[in-house]
Amino acid sequence: PPQPRNLETTNLIASNQGSCMHHSLLAPRYRSTAALLLSCVPASLALCPPLAFSPSSASRQCCAGNTPSACFTPTRFHPRPRASRGLVSMAAKSSLPFDPESGSLESKLHFPIDTSKLQDISKVPEGKKPVVLLACGSYSPPTVMHMRIFETARDHFRSMSEYLNVEVVGGFVCPVHPAYGKKGLAPPEDRVEMVRRSLASSDWVSVEDWEVKQGEWTRTRLSLDRMQAEVNKVSGGRETGVMLLCGADILDSMVTPGVWMEKDLRGILSRGIVCIKRSGSDPEKLIQENDVLYEYRDRIHLVREWVENNVSSTAVRRAVKRGMSIRYFVADGVLEYIAEKGLYQ
């Protein structure tokens, strides 16, 4: 789009808005004409940097007083490399709990994976690639559908074995660290135990508590990198892949500006991901309209869940709070644990 001629013009437009924009490119209450003009302002000039870009408290104070509604503080903004169209070119809708580029795999605490349910990789037929599926999320609480997607994904690879030459040898469910800050998170030890109870009857999917044992929130790519390193230790030298297993909402977040770093997306997509589709979602359109997703389209496995159940953790928490039954929404062991611990009251 055409750019404003100079900063003075931009400041004049911004000063009419009346309130500081801390966490989004445009204020929620704006006039259509001003919004159209502001949409032409580069992100590096038009936003007051949120925590995801500058975690210091000073960034939250940069709009104090009678300054214009859009604070132009380029010296406080830490520029990122230019992202592909439609990805991370604008500010995030909400701040991440930490700087998204903080931390590295080397700085994390080391814990081995639970291999008790992992298939013997040496027994995978030649010509087939062993793959481990990793799902990351809140799981507060885990529902039956959180676990069901593993079966759906494995069925997909089995039905397409003639073409994909992939054999799923194991799966892991990894609850997120509490520092992620999502509303409604139960204590990490409770979420890990509820996932463990949800998987009691599974002979190939295990709970993975590596993230919650760290001292901070961990990016998904680092979890995948760490899982790959641990799987390599027990693969006997056999090349084994690790794929992210997720719902269509995660794929949708990948095209939401500011939510993912492009280099992390490329790292995740290059491994391959399995996305479970539901009615009302259109992941094919997302892939078609986004440059990075389209580049890795051959590594995005879209799988339709034909037996749908739209139960969510939010709905379960709400039902518990209202004294309603959640039986058959969660595993019986989870139901008993919630009652025993008095969670979500």
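## Overall composition

How much of the protein do buried residues make up? Of the 345 residues in the protein, buried residues make up 47%. A residue is called buried if its relative accessible area is under 20%, exposed if over 50%, and partly exposed in between, with a 1.4 Å probe and protein chains only. This is a predicted model, in which local features need pLDDT of at least 70 and side-chain atom pairs count only at pLDDT 80 or more, while totals for chains, interfaces and linings use all residues. Residues are numbered from 1 along each chain as its sequence is written, and side-chain values use heavy atoms, with hydrogens and water left out.

The secondary structure comes to 14 helices and six strands. Helices (H or I, at least four residues) and strands (E, at least two) are DSSP runs, numbered from the N terminus. Among contacts in the protein with a separation of 6 or more, 79% are accounted for by residues 24 or more positions apart; a contact means heavy atoms within 4.5 Å.

## Helix H8

Helix H8 (220–234) contains 15 residues and reaches 22 Å from its first C-alpha to its last. This value is close to the 21 Å expected at 1.5 Å a residue, where the expected span is 1.5 Å times one less than the number of residues. After H8 comes Gly 236, whose phi is positive, near 65 degrees.

The buried residues of H8 include Leu 222, Leu 224, Met 227 and Val 231, and also Asp 225, Arg 226 and Glu 230. Their cover includes strand E1 (129–137), E2, strand E4 (241–247) and helix H10 (262–271).

## The cavity

A search of the whole structure finds one cavity of 30 Å³ or more. On a 1 Å grid over the protein atoms alone, a cavity is a set of points where a 1.4 Å probe fits but cannot get out, and lining residues have an atom within 4 Å of a point. Grid points are joined across faces, edges and corners, and a volume is the space filled by probe spheres set on the points.

The largest cavity has a volume of about 30 Å³. Its lining is formed by Leu 134, Cys 174, Glu 208, Trp 210, Ser 223, Arg 226 and Met 227. Helix H8 gives the most to this lining, with three residues.

In helix H7 (188–198), the buried residues are Pro 188, Asp 190, Arg 191, Val 192, Met 194, Val 195 and Ser 198. H5, E2, E3 and helix H14 (332–341) are included in what covers them. Arg 196 is also found in H7, but this residue counts as partly exposed because its relative accessibility is 40%. The C-alpha atoms of Arg 196 and Pro 142 are separated by 9.7 Å, although the two residues are 54 residues apart along the chain.

In H10, the buried residues are Glu 262, Asp 264, Leu 265, Gly 267, Ile 268 and Leu 269. Their cover includes H8, E4, strand E5 (273–277), helix H12 (291–295) and E6. Just after H10, Gly 272 takes a positive phi of about 100 degrees.

## Aromatic pairs and charges over rings

Rings of Phe, Tyr and Trp (its six-membered ring) pair if their centres lie within 6.5 Å; planes under 30 degrees apart count as stacked, over 60 as edge-to-face and the rest as tilted. By this rule there are two aromatic pairs. The rings of Phe 150 and Trp 204 have centres 6.0 Å apart and planes at 75 degrees, so this pair is edge-to-face. The pair links distant parts of the chain, 54 residues apart: Phe 150 belongs to helix H5 (144–159), and Trp 204 to the loop between H7 and strand E3 (205–207). Both residues, Phe 150 and Trp 204, are buried. The pair of Tyr 180 and Trp 217 is tilted, at 5.9 Å centre to centre and 40 degrees between the planes. Tyr 180 lies in the loop between strand E2 (166–175) and H7, and Trp 217 in the loop between E3 and H8, so the pair ties together parts that are 37 residues apart in sequence. Tyr 180 is partly exposed because its relative accessible area is 34%, whereas Trp 217, at 11%, is buried.

A charge sits over a ring if NZ of Lys or CZ of Arg is within 6 Å of the ring centre and within 35 degrees of the ring normal. The charged end of Lys 213 sits over the ring of Phe 111, 4.5 Å from its centre. Arg 297 lies over the face of Tyr 294, at 4.0 Å from the ring centre.

Notes: On a 1 Å grid over the protein atoms alone, a cavity is a set of points where a 1.4 Å probe fits but cannot get out, and a pocket is an open set with protein on both sides within 12 Å along at least five of seven lines; lining residues have an atom within 4 Å of a point.
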